[in-house]
Amino acid sequence: MKGILLVNLGSPESTKPKDVKKYLDEFLMDPRVIDVPRWARILLVRGIILNTRPKQSAKAYAKIWWDEGSPLIVLSERLQKKVQEKVTIPVGLAMRYGSMTLKKGLQELVDQGVTEVKTIPLYPQFAMATTETIDVKVDELVAAHFPQLKITRTPAFYKREDYINVLSKSIAESLEGLDYEHLLFSYHGVPERHIRKSDITNGNCKMNGKCCFKMGSPQHEFCYKHQCEITTVNVAKKLGLKRGTYSTTFQSRLGFDPWLQPYTDRTVERMGKAGVKKLAVVTPAFVSDCLETLEEIAMEAEEIFHEVGGEQFTTIPCLNDRDDFAQVLANMIEEWRIVTIETAIA
Ligand SMILES: C=CC1=C(C)c2cc3[nH]c(cc4nc(cc5[nH]c(cc1n2)c(C)c5CCC(=O)O)C(CCC(=O)O)=C4C)c(C)c3C=C
Ligand SMILES: [Fe+2]
Ligand SMILES: [Fe+2]
């Protein structure tokens with residue numbers, strides 16, 4: 001029997017600094033997130049970051065936490081339920097970090113009689129720190145604990161027409177009747193080094209703003225920057241946005257290395273200073289609202305904008321458990337089910 005495992009990032013168990021520290025330790029010690037030699041990662045993460053960040057992040061989490069728990073987890077669970085209602089095979093949910101482990105997620109499917117699993121990372125764009133780390137961890141778990149289990153990976157879905165339609169519709173709904181001057185597409189950033197490492201053509205991506213807009217290049221299957229830029233282009237096309245009324249930025253940088261630019265916080269500040277009064281922000285790298293959207297954008301970025309003279313700041317919700325987004329995932333599942341049936345018949 002076939003089954004599905006939806007996978008998201010995960011959150012701390014609670015907003016207590018000790019739980020945030022445990023979560024950040026697992027997350028940041030992942031070599032696909034902080035991609036330096038292990039000794040350097042230990043020094044950086046356990047020697048420096050974890051001494052101060054957990055307290056600071058715990059305060060931020062406390063501002064966005066819900067009675068039911070982490071918004072990211074609660075929203076992922078609601079999405080899983082909706083997807084399950086639309087398909088006939090079991091749909092599980094796991095997190096890459098934290099207590100809802102991939103191992104538990106796979107085990108729950110196996111316990112229901114599943115022998116073939118399609119993993120669906122809940123990230124529209126591929127990144128080494130998201131999709132790749134899930135794929136690699138699943139392979140490790142299968143080799144160690146589920147040798148009979150057949151796994152099918154799911155490529156990033158940023159250019160699927162149904163996804164772009166739903167993302168565009170959600171933006172249009174949020175902006176309906178709203179007067180705004182500029183729409184910012186703010187994606188989670190990654191260090192530029194990650195883009196170079198994922199470049200299967202060895203150095204084709206120059207990150208100079210031109211190569212990532214070209215179509216049909218093999219490296220783009222793994223180029224996070226390309227996939228973010230093209231998500232913006234496709235949505236802008238779908239919504240008929242005029243040039244100059246929208247732009248792409250990258251948020252949440254950590255550390256001192258160069259990350260993808262332009263940075264969201266600096267852009268928001270620059271726009272406010274340049275006289276933009278009404279700004280809207282959408283965050284398409286996140287499927288579920290989380291710390292990075294509810295706090296970093298809807299609170300911090302909004303505050304920056306107001307401080308420099310901005311008047312109206314609108315944060316557009318993520319796709320979360322929208323019915324039409326659950327349908328996009330159900331479409332992906334159904335396509336896989338049908339292709340595998342057809343292959344078996346042939
Ligand atoms: C598109 C998705 C994400 C990418 C790419 C990504 C890369 C990345 N993140 C960090 C460091 C942190 N991220 C944190 C929170 C966080 N990150 C994502 C998604 C991506 N990260 C989400 C959905 C969240 C929110 C989780 C939640 O519980 O709500 C954090 C923790 C919070 C904080 O202390 O600021 C850190 C740290 C790196 C280093 C990185 C790429 C290398
Ligand atoms: Fe992150
Ligand atoms: Fe590029």
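Where is Ser 252 found? In this predicted model, Ser 252 is found in the loop between β6 and α9, where helices (H or I, at least four residues) and strands (E, at least two) are DSSP runs numbered from the N terminus. Residues are numbered from 1 along each chain as its sequence is written, while chains are lettered from A and ligands numbered from 1 in the order in which they are written. Because the model is predicted, local features need pLDDT of at least 70 and side-chain atom pairs count only at pLDDT 80 or more, whereas totals for chains, interfaces and linings use all residues. The mean pLDDT of the protein is 95, with 99% of its residues at 70 or more; pLDDT is the predictor's confidence in each residue, from 0 to 100. For the complex, the predictor gives an ipTM of 0.96 and a pTM of 0.96.

Two backbone features belong to the loop already named. Most residues other than glycine have a negative phi, and most peptide bonds are trans. The phi of Ser 252, by contrast, is near 65 degrees, a positive value in a residue other than glycine. The loop between β6 (246-251) and α9 (264-273) also holds Pro 262, which is joined to Gln 261 by a cis peptide bond with an omega of about 0 degrees.

The protein is divided into domain 1 (2-157 + 322-345) and domain 2 (161-315), with bounds that come from an automatic or database domain assignment. The C-alpha centres of domain 1 and domain 2 lie 23 Å apart, and 25 residues of domain 1 are in contact with 25 residues of domain 2, contact being counted if the C-beta atoms of two residues, placed from the backbone, lie within 7 Å. On the side of domain 1 that touches domain 2, the elements giving two or more residues are α2, α3 (71-86), α5 (128-145) and α11 (323-345). By class, this side of domain 1 has 17 nonpolar, four polar and four charged residues (Ala, Val, Leu, Ile, Met, Phe, Trp, Tyr, Cys and Pro count as nonpolar, Asp, Glu, Lys and Arg as charged, and the others, Gly among them, as polar).

Two packed helices are described by the angle between their axes and the distance between the axes. Here axes are lines fitted to C-alpha atoms, for helices over the stretch in contact, and angles run from 0 to 180 degrees between N-to-C directions. The axes of helix α1 (residues 17-28) and helix α2 (residues 38-64) come within 8 Å and cross at roughly 130 degrees, which makes α1 oblique to α2 (angles under 35 degrees count as roughly parallel, over 145 as roughly antiparallel, 65 to 115 as roughly perpendicular and the rest as oblique). The residues of this contact, among them Val 20 and Leu 24 of α1 and Ile 49 and Tyr 61 of α2, divide into 10 nonpolar, one polar and four charged.

Helix α4 (residues 102-111) and α5 pack with their axes 10 Å apart and at an angle of about 55 degrees, and α4 and α5 are therefore oblique to each other. Their contact is made by Leu 102, Lys 103 and Leu 106 of α4 with Lys 137, Val 138, Leu 141 and His 145 of α5, a set with four nonpolar, one polar and two charged residues.
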